[in-house]
2 protein chains.
Amino acid sequence: MTHPALHIKIRLYCGDEIAMGPGKADLLDAIAEHGSISAAGRALGMSYRRTWMLVDVMNRCWDEPLVETAAGGSHGGGARISERGRQILAHYRALEQKTLDAAQGDDWTALGGFLRNQPKEAHRKAEG
Amino acid sequence: MTHPALHIKIRLYCGDEIAMGPGKADLLDAIAEHGSISAAGRALGMSYRRTWMLVDVMNRCWDEPLVETAAGGSHGGGARISERGRQILAHYRALEQKTLDAAQGDDWTALGGFLRNQPKEAHRKAEG
């Protein structure tokens with residue numbers, strides 16, 4: 001059972017750049033689905049510029065490119081995930097699942113017992 | 001051994017508010033150390049307004065307040081972490097450690113083998 005109140009975000013850094021994180025992993029999934037970087041970005045509601053920036057950062061942070069573009073220039077043709085891209089995406093998703101599993105223990109049970117479903121209203125007057 | 005390239009951020013939500021996360025946990029630690037909300041905020045380089053906003057959100061998201069202010073008004077006197085605050089902070093820090101431990105396995109080893117130490121330079125000319 002997952003807990004919607006518990007969010008775990010994993011980021012892998014290469015120097016000061018984020019080599020992999022939730023947004024880049026979702027973009028890889030979308031490129032695999034759509035076969036196009038631009039179409040993947042549109043599906044995720046991202047600008048053209050931001051989509052290509054994320055792909056560029058990913059391709060510079062690992063030993064091999066994760067996204068390969070077809071001949072015809074970067075704006076033409078299609079795109080696909082490389083074998084290395086598939087490996088990295090699979091390991092990243094496994095890390096997400098393992099950390100989420102590890103969080104489902106006594107500590108989360110105790111925290112969930114103290115957590116309200118909704119916050120108390122803000123700007124209350126002082127009591128008394 | 002910890003890996004500086006691997007960052008895990010845990011957030012606990014109460015409705016749309018973040019009931020606990022890295023910034024609020026650090027603020028609780030600082031309040032415990034300094035005995036004052038304002039001094040804790042200064043130590044963390046946060047504005048007075050933002051510091052009090054984080055405390056207000058924390059105190060509205062759990063069944064009991066996590067931070068208690070002494071008599072004399074919110075700007076006078078000191079502040080301390082309640083017993084509930086200590087419990088929640090301890091469970092949150094334990095969650096952080098457990099998820100980090102869970103991430104130190106084969107998946108991270110494989111990813112670390114593919115990750116560059118520094119990104120390749122941006123704006124390369126196309127090869128060929």
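Reader: Which side chain of chain A does Asp107(B) meet in a salt bridge?
Author: Lys98(A). The N to O distance is 2.5 Å. Keep in mind that this is a predicted model.

Reader: How many salt bridges are there between chain A and chain B?
Author: The count is 2.

Reader: And polar contacts across the interface, how many residue pairs?
Author: The rule finds 17 residue pairs between chain A and chain B, with both residues at pLDDT 80 or more.

Reader: What area do chain A and chain B bury between them?
Author: About 4,100 Å². Carbon and sulfur atoms account for 64% of it.

Reader: Which residues in chain A lose the most area to chain B?
Author: Arg60(A), Asp107(A) and Phe114(A). Together they make up 18% of what the chain A side buries.

Reader: Back to the strands. In what sense do S1(A) and S1(B) pair, parallel or antiparallel?
Author: Antiparallel, over 7 bridges. S1 of chain B covers residues 6–14.

Reader: What stands opposite Ile10(A) in S1(B)?
Author: Ile8(B).

Reader: Now within chain A. How many bridges join S1(A) to S2(A)?
Author: 3 bridges, and the two strands run antiparallel. Cys14(A) stands opposite Glu17(A), which is in S2(A).

Reader: What do S1(A) and S2(A) form, and how many residues lie between them?
Author: A hairpin, with 2 residues between the strands. Gly15(A) sits in the turn and has a positive phi of about 60°.

Reader: New topic. How many aromatic pairs over all chains?
Author: The count comes to 2 by this rule.

Reader: Take Tyr48(A) and Trp52(A). Why is that pair tilted?
Author: The planes of the rings are at 45°, so the pair counts as tilted. The ring centres are 6.2 Å apart.

Reader: Where do Tyr48(A) and Trp52(A) lie in chain A?
Author: Both are in helix H3, 4 residues apart. That is about one turn of the helix.

Notes
Residues are numbered from 1 along each chain as its sequence is written. Chains are lettered from A and ligands numbered from 1 in the order in which they are written. This is a predicted model: local features need pLDDT of at least 70, side-chain atom pairs count only at pLDDT 80 or more; totals for chains, interfaces and linings use all residues. Side-chain values use heavy atoms; hydrogens and water are left out. Buried area is the accessible area (1.4 Å probe) that two parts lose on being put together, summed over both. A salt bridge is a side-chain nitrogen of Lys or Arg within 4 Å of a carboxyl oxygen of Asp or Glu. A polar contact is a pair of N or O atoms within 3.5 Å; within protein, one must be able to donate a hydrogen and the other to accept it, and residues adjacent in sequence count only if both atoms are side-chain atoms. Two strands pair if DSSP finds at least two bridges between them. Rings of Phe, Tyr and Trp (its six-membered ring) pair if their centres lie within 6.5 Å; planes under 30 degrees apart count as stacked, over 60 as edge-to-face and the rest as tilted.
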